[in-house]
Amino acid sequence: MKENDHTLSCPLIILGLIKHSLTLAIVLSSMILFFSHKLFAQSSQLTSAEITFLKNDVAKANVADLEKRNPAKEEASKGDVVNREEAVLTGTKSKAELFFNDGTVTRLGSHAAFTFKPQSREITMQRGSALFNIPKGRGTTTIRAAGVTAAITGTTVVVQIDPSGNVAIFIYEGTCTIGSVKLNQGEVFIVGSDGAGGKVEEFDVERGLSTIGLIREFIGSSYQDRILREIKVALNTNNPNINPENRNVIEDIISPQQPIVAEGPPQNNTPPPPPPAIEVPDTITPDIDINGR
């Protein structure tokens, strides 16, 4: 009889061990998920960036010195890490690409001045042109460009500030909110140098992929395929018609003598369309190329 009791107790012991193991596994899984979420929350904040691509005159400077007429600059090199106290500056016919800790890719064109606010998702463009490719699921990123504040989420946008201070923000993929205006793929928000008001227009995304310097002149970048793929996937799934509520948001306040260049020089001799179209010849002053070439 005692032998039978011992025989029956073995399965009970095994069941108890299995139950204990399952409980331990559930607890460990919960802890892993909890700490993974915490780590993701931390990584979603911008803390540093690595320079992954550069050409010609690219430098780093102390953010506190940017207001000086001739701030002290240090030549940048591929692989350099940009921290919260540093700005990235580009010269004539120069460009740079930065890869942030959260996966955000930032590309700078000629004569750009770029900074970011640490432990946040706030980026500032003081001049020049830039492309921002932000992974989805990272929260809202705030981009400040010459008085214009744009909120973007999982988006690819191009920001251009011309020599007169006029600003254009092109949505290549995803969405962007500027004030009460929401923009979708294929829309551009234009605002004058005084920062008053703005206007929404359409632009040709596919043409931009083949003509804009911030995309076509970064061949060899590790993130070129990713950026092109995300834009093309969005093109195949969206019908980028301008939002009806965005039409005639406010009168166009950019003068024809100071145009924002959307797509670079025309590829043929066809004259540009009349105002208020965005695609115009490159009439920016020669020493500043807003397409990042």
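## Isoleucine 178 and the cores

Leaving out neighbours within four places in sequence, isoleucine 178 is in contact (heavy atoms within 4.5 Å) with Val148, Thr149, Ala150, Ile169, Leu183 and Phe189. This is a predicted model: local features need pLDDT of at least 70, side-chain atom pairs count only at pLDDT 80 or more, and totals for chains, interfaces and linings use all residues. Residues are numbered from 1 along each chain as its sequence is written, and side-chain values use heavy atoms, without hydrogens or water.

Isoleucine 178 also belongs to the largest nonpolar core, which has 37 residues. A nonpolar core is a set of buried (under 20% relative accessible area, 1.4 Å probe, protein chains only) Ala, Val, Leu, Ile, Met, Phe, Trp, Tyr and Cys residues joined through side-chain atoms within 4.5 Å. Leu98, Leu108 and Phe114 are among those with the most contacts inside this core. A second, separate core of 21 residues includes Phe53, Ala168, Ile190 and Leu214.

## Aromatic pairs

There are seven aromatic pairs (Phe, Tyr or Trp ring centres within 6.5 Å, using the six-membered ring of Trp). Phenylalanine 100 and phenylalanine 116 have ring centres 5.1 Å apart and planes at 90°, so they pair edge-to-face (over 60 degrees). Phenylalanine 100 is in strand β6 and phenylalanine 116 in strand β8, so the pair ties together parts 16 residues apart in sequence. Both are buried.

## Serine 94

Serine 94 sits in the loop between β5 and β6. Serine 94 counts as buried because its relative accessibility is 0%.

Definitions and conventions: Helix = DSSP H or I, 4+ residues; strand = E, 2+ residues; numbered from the N terminus. Buried < 20%, exposed > 50% of the residue type's maximum accessible area, 1.4 Å probe, protein only. Phe/Tyr/Trp six-rings, centres within 6.5 Å; stacked < 30°, edge-to-face > 60°.
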